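Dear colleague,

Please find below the sequence and the structure that I am handing over to you.

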Amino acid sequence: MPTFEYAPAPESRDTARLKPSYGIFVDGKFVDGHGAAVKTINPASEEPLAEIAEASAEDVDIAVKAARRAYDRTWSRMPGAERAKYLFRIARAIQERGRELAVLESLDNGKPIKESRDVDIPLAAAHFFYYAGWADKLSYAGFGPDPQPIGVAGQVIPWNFPLLMAAWKIAPALATGNTVVLKPAETTPLTAITLADIIADCDLPPGVVNILPGGPSVGQAIVDHPGVDKIAFTGSTGVGKMIQKSVATSGKRVSLELGGKAANIIYDDAPIDQAVEGIVNGIFFNQGHVCCAGSRLLVQESVYDDVIAALHDRLATLRLGDPLDKNTDIGAINSAAQLARIQELAASGDAEGATRWSPECPLPNKGFWFPPTIFTGVSQANRIAREEIFGPVLSVLSFRTPQEAVDKANNTPYGLSAGVWTEKGSLILWTANRLRAGVVWANTFNRFDPASPFGGYKESGFGREGGRHGLESYLAY
Ligand code: NAD
């Protein structure tokens with residue numbers, strides 16, 4: 001078969017308008033943080049992108065006090081219709097600066113530009129539009145006739161969807177009248193800081209949103225601060241457990257969005273070609289750095305060989321490389337530490353007897369890269385079937401009956417998401433009713449909408465983000 005060569009189609013790096021250094025955003029102003037300044041790097045090349053001022057515990061204190069003043073004096077008293085105008089303004093500004101934000105996100109995170117451009121940034125704007133619509137309708141949301149805000153929300157987010165996670169956190173908090181102190185992840189601060197710039201341009205009252213880059217100690221200082229009324233955390237299950245312990249008895253409200261090990265179930269009557277697209281999107285989207293990734297593929301035995309053969313063919317067409325190239329499907333792993341974790345877990349798959357397969361896929365010399373990988377012959381006891389890999393690695397298991405599929409799917413401490421592929425609506429409902437997962441996708445995967453609630457069972461956390469349900473975490477009623 002003749003091969004079709006793609007010409008390079010890189011998005012211009014200049015669009016990101018990178019500055020040499022960035023401050024922290026407190027009380028409506030950019031200031032120098034009291035923490036050490038650190039360089040954020042491009043994971044695709046390891047080159048430094050910019051110097052980031054980090055916050056200290058002292059900055060957290062200043063930010064929480066600013067957020068409290070803003071809460072007491074302006075934001076909680078403002079009519080919802082007025083708050084909505086600010087949220088609409090932020091949503092439009094994200095759209096206006098969408099290209100800049102997309103390039104920044106791909107540079108800082110390593111994700112392909114087609115994903116940051118078509119998923120992360122539009123969905124971040126959509127969240128602000130969606131929650132702007134709720135701000136003046138809270139009395140009709142089903143939380144009583146006059147639900148009230150909680151106060152100052154401390155929010156800590158991970159690196160896999162940096163701007164989108166900030167939007168998931170900030171938009172519902174502001175719509176409901178709370179003020180915010182948010183910490184982005186240490187490896188991906190750039191789009192959160194640019195969001196702070198947008199918020200300043202939108203003339204939000206000072207202190208309503210404060211953005212403090214920094215590492216775990218800054219996150220801990222936010223969680224422990226007595227002036228914070230509510231903690232919203234997205235990240236690993238280990239850190240989520242620590243947070244829950246440290247706020248126990250404090251009276252703070254908490255919502256936790258943690259890890260996952262989702263089952264993607266392929267029944268034998270599923271349209272195989274469509275299912276293969278869903279499998280690829282489920283685990284290779286965003287290099288598998290997705291809490292709800294379909295990382296455990298469960299295939300009915302009678303179509304197992306067909307599905308694996310079709311997956312091999314499809315994976316051979318995936319293009320790994322420069323995240324800024326518009327043809328790239330698989331970008332860089334976000335950090336050296338995450339790459340080491342993926343390598344270690346993949347090696348455990350080899351050691352425990354599973355069979356590893358990757359398409360021929362030359363990796364760039366610099367940066368952090370891992371090829372799309374499938375493990376077959378996986379047993380439920382293997383680490384790669386139990387632990388979250390958070391990388392482009394799929395573990396494949398088989399099943400014979402729907403009951404066996406459900407039993408295997410639920411055999412995990414997590415419960416964030418799942419997928420079901422079949423042409424029978426009755427089998428979709430039968431399966432979905434039995435899966436202990438916050439989201440069950442039918443004949444699709446990794447589909448997100450601001451109107452749809454998202455969140456976990458068991459060790460995937462509690463509380464819901466998105467939709468009407470997402471208001472509940474930020475309301476006292
Ligand atoms: P992580 O838990 O290491 O870090 C997440 C955030 O918490 C970072 O900002 C980090 O600086 C901060 N942090 C670390 N230690 C802290 C502490 N002791 N106190 C307060 N804050 C602290 O997770 P990660 O490696 O950045 O992200 C990957 C994890 O996030 C995966 O497990 C993934 O499944 C999960 N995740 C979940 C969702 C969801 O919605 N359920 C979404 C995205 C990512």
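Predicted model: local features only at pLDDT ≥ 70, side-chain atom pairs only at ≥ 80, totals over all residues.

Residues are numbered from 1 along each chain as its sequence is written, and side-chain values use heavy atoms, with hydrogens and water left out.

Seven strands form an open sheet with mixed pairing, in the order S14-S15-S16-S13-S12-S17-S18. Strands (E, at least two residues) and helices (H or I, at least four) are DSSP runs numbered from the N terminus, and two strands pair if DSSP finds at least two bridges between them. At the edges are S14 (355-357) and S18 (439-442), each of which pairs on one side only. Strands S12 (residues 263-266) and S13 (residues 296-300) run parallel and are joined by four bridges; Ile-266 has Val-299 in S13 as its bridge partner.

The largest pocket holds about 850 Å³ of space. On a 1 Å grid over the protein atoms alone, a pocket is an open set of points with protein on both sides within 12 Å along at least five of seven lines, whereas a cavity is a set where a 1.4 Å probe fits but cannot get out; lining residues have an atom within 4 Å of a point. Grid points are joined across faces, edges and corners, and a volume is the space filled by probe spheres set on the points. The largest pocket is lined by 34 residues, with Trp-159, Phe-233, Gly-235, Ser-236 and Val-239 closest to its centre. Helix H8 contributes the most to this lining, namely five residues. Domain 1 (13-258 + 458-476) and domain 2 (263-442) each provide at least three residues of the lining of the largest pocket, the domain bounds coming from an automatic or database domain assignment.

There are five cavities of 30 Å³ or more, and the largest cavity has about 100 Å³ of space. Of the 17 residues lining the largest cavity, Arg-296, Ala-409, Thr-412, Gly-415 and Ser-417 lie nearest its centre.

The structure contains 25 salt bridges (a side-chain nitrogen of Lys or Arg within 4 Å of a carboxyl oxygen of Asp or Glu). One of them joins Asp-27 to Arg-69, with the closest N and O atoms 3.1 Å apart. Because Asp-27 lies in the loop between strands S2 (24-26) and S3 (29-31) and Arg-69 in helix H1 (residues 57-75), this pair ties together parts that are 42 residues apart in sequence.

With kind regards
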